[in-house]
Amino acid sequence: KKTIVNLANIRRGRRLIMTYTIGLVPSPGVAHKLVDNAIPKIQQHLHERISDVDKWHFESKVDLLIGSAEDVHESIDKAAELKEEYDWDFVICITDLPSISGNKVVISDFNSEKQVSMLSLPALGWINLERKLVKSMTALVEQLYHNNTKERPKVHPLIKPKAVDPREDESSKRRYINRYFILGWLQLILGLTRANEPWKNLFNFKKIISVAFATGTYVSIFSMPWELSVQYSTLRFIVLMIISILGMAGWLLYAHQLFEEKTAKSQRVYRYVYNATTLLTLVIITLMNYVVLYLLLSISISLFVPVSLFNSWTSANPDFTFINYLKLLWFVSSLGLLAGAMGSTVENEEKIRRITYSYRQYHRYKEAQQEEKEKKEQQSQDVSQHDVEQSSSNKESNDEQYEGKKQDHREEDES
């Protein structure tokens with residue numbers, strides 16, 4: 001498979017044409033789109049760095065491989081099975097799942113014997129994601145080709161990989177973690193938030209915007225908000241805007257129960273990761289809706305608030321009419337958004353969950369829901385009250401303790 005012989009070239013005394021076939025197994029959605037766009041650039045980089053190979057052939061197969069982040073360590077074994085099935089030379093699976101090992105963010109897992117590797121896309125962050133992906137996958141192919149796991153791939157100044165030995169199993173694989181603890185976690189949350197693609201949900205909260213716009217327009221006809229907008233400092237406007245945005249996001253999180261709850265199948269660290277991702281996704285969506293609301297209110301206020309009346313009823317300086325209008329818009333938008341939070345309760349809960357959850361997180365939510373349903377059915381079959389209480393007690397203990405394997409690693413001292 002690796003070598004393609006051209007008979008015409010042999011007769012002419014030319015060397016054999018060396019071709020490697022690399023299997024790429026991206027997750028559906030964002031990972032699949034990014035990988036397809038990155039393949040030509042990866043091929044170009046490989047031709048520049050590895051002169052022994054004439055052609056790099058990539059075959060892509062979209063596959064989830066595993067269902068949840070708690071089982072992400074199994075992706076190497078699943079990818080190895082696909083390698084044998086499709087007779088690939090190397091395999092790289094690109095997952096949209098987060099991977100945590102010993103409270104450090106995992107960039108990739110690597111098995112040189114099976115010639116398989118796994119790349120966690122969220123670990124690369126949000127900014128320059130395509131360029132990071134190209135560099136990461138190129139480095140992984142190089143390491144698979146040279147069978148060298150000691151060399152650190154150079155991806156980005158904010159990503160500093162370190163090779164460690166996993167502890168959760170006795171396989172021969174290696175693991176790359178991000179040495180930067182805080183930056184690693186920030187990039188992971190941002191990467192997961194990007195996977196949610198919050199910009200696509202700009203106009204999905206129509207009812208919230210409607211309530212906020214109606215409230216803002218109504219408030220703007222009274223003189224008290226006019227005077228307050230004149231007296232408030234810029235810092236106060238910023239604080240009020242932050243409160244309104246966080247208030248809206250927090251209310252959506254609470255009213256629609258978007259927090260991931262404890263289950264026996266979920267690790268606490270991944271619950272924290274997904275809950276932080278949901279909150280950040282809501283904040284970004286709310287911020288975009290704030291801008292839309294600001295633009296809408298600029299039309300209504302320009303119609304309902306005459307300049308002469310505004311100047312006569314307030315202590316505003318007539319020479320700064322435009323700036324005074326911008327401040328009034330800023331103030332009214334914040335008030336309207338806070339009122340719009342009440343309008344979020346009329347939105348369909350399932351719709352909001354689909355908007356704020358990624359495909360993987362929504363899958364986790366459905367699994368937890370199914371697990372809770374099965375437990376309730378089991379409890380309803382118990383005859384005595386003692387059995388029900390005992391079952392409830394077991395449920396609480398299972399919620400607090402994860403039943404599966406946890407990823408961990410052993411770091412070697414660098415000389």
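Two strands are said to pair if DSSP finds at least two bridges between them. In this predicted model, strand E8 (residues 161-166) and strand E9 (residues 174-178) meet that description, pairing in the antiparallel sense over four bridges. Within the pair, Lys 162 of the chain stands opposite Ile 177 in E9. Strand E8 is also mostly covered, with six of its six residues buried.

The protein chain contains 14 helices and ten strands, and 47% of its 415 residues count as buried. Among contacts with a separation of 6 or more, 76% are accounted for by residues 24 or more positions apart. The accessible surface comes to about 21,000 Å², and carbon and sulfur atoms hold 55% of that area.

What lies in the interior? The largest nonpolar core has 34 residues, and those touching the most other members are Leu 24, Trp 56, Ile 94, Leu 124 and Leu 133. Several elements each supply at least two residues of this core: strands E2 (17-26), E3 (55-60), E4 (90-95) and E6 (104-111), together with helices H2 (30-49) and H4 (129-146). Helix H2 gives the largest share, eight residues. A second, separate core of 29 residues includes Phe 205, Ala 212, Ala 316 and Leu 328.

Apart from its neighbours within four places in sequence, Leu 124 is in contact with Ile 107, Leu 119, Leu 129, Lys 132, Leu 133, Ser 136, Val 155, Ile 159 and Gln 187.

Finally, a loop residue is worth a visit. Asp 89 is found in the loop between helix H3 (75-86) and strand E4. Its relative accessibility is 6%, and since buried means under 20%, Asp 89 counts as buried. A polar atom of the Asp 89 side chain lies 2.8 Å from the backbone nitrogen of Thr 21.

Definitions and conventions:
Residues numbered from 1 in each chain as written. Predicted model: local features only at pLDDT ≥ 70, side-chain atom pairs only at ≥ 80, totals over all residues. Heavy atoms only, no water. Buried < 20%, exposed > 50% of the residue type's maximum accessible area, 1.4 Å probe, protein only. Contact = heavy atoms within 4.5 Å. Areas by Shrake-Rupley, 256 points an atom, 1.4 Å probe, with all protein chains shown as cover. Core = buried A, V, L, I, M, F, W, Y, C linked by side-chain atoms within 4.5 Å. Polar contact = N/O pair within 3.5 Å; in protein donor to acceptor, adjacent residues only side chain to side chain.
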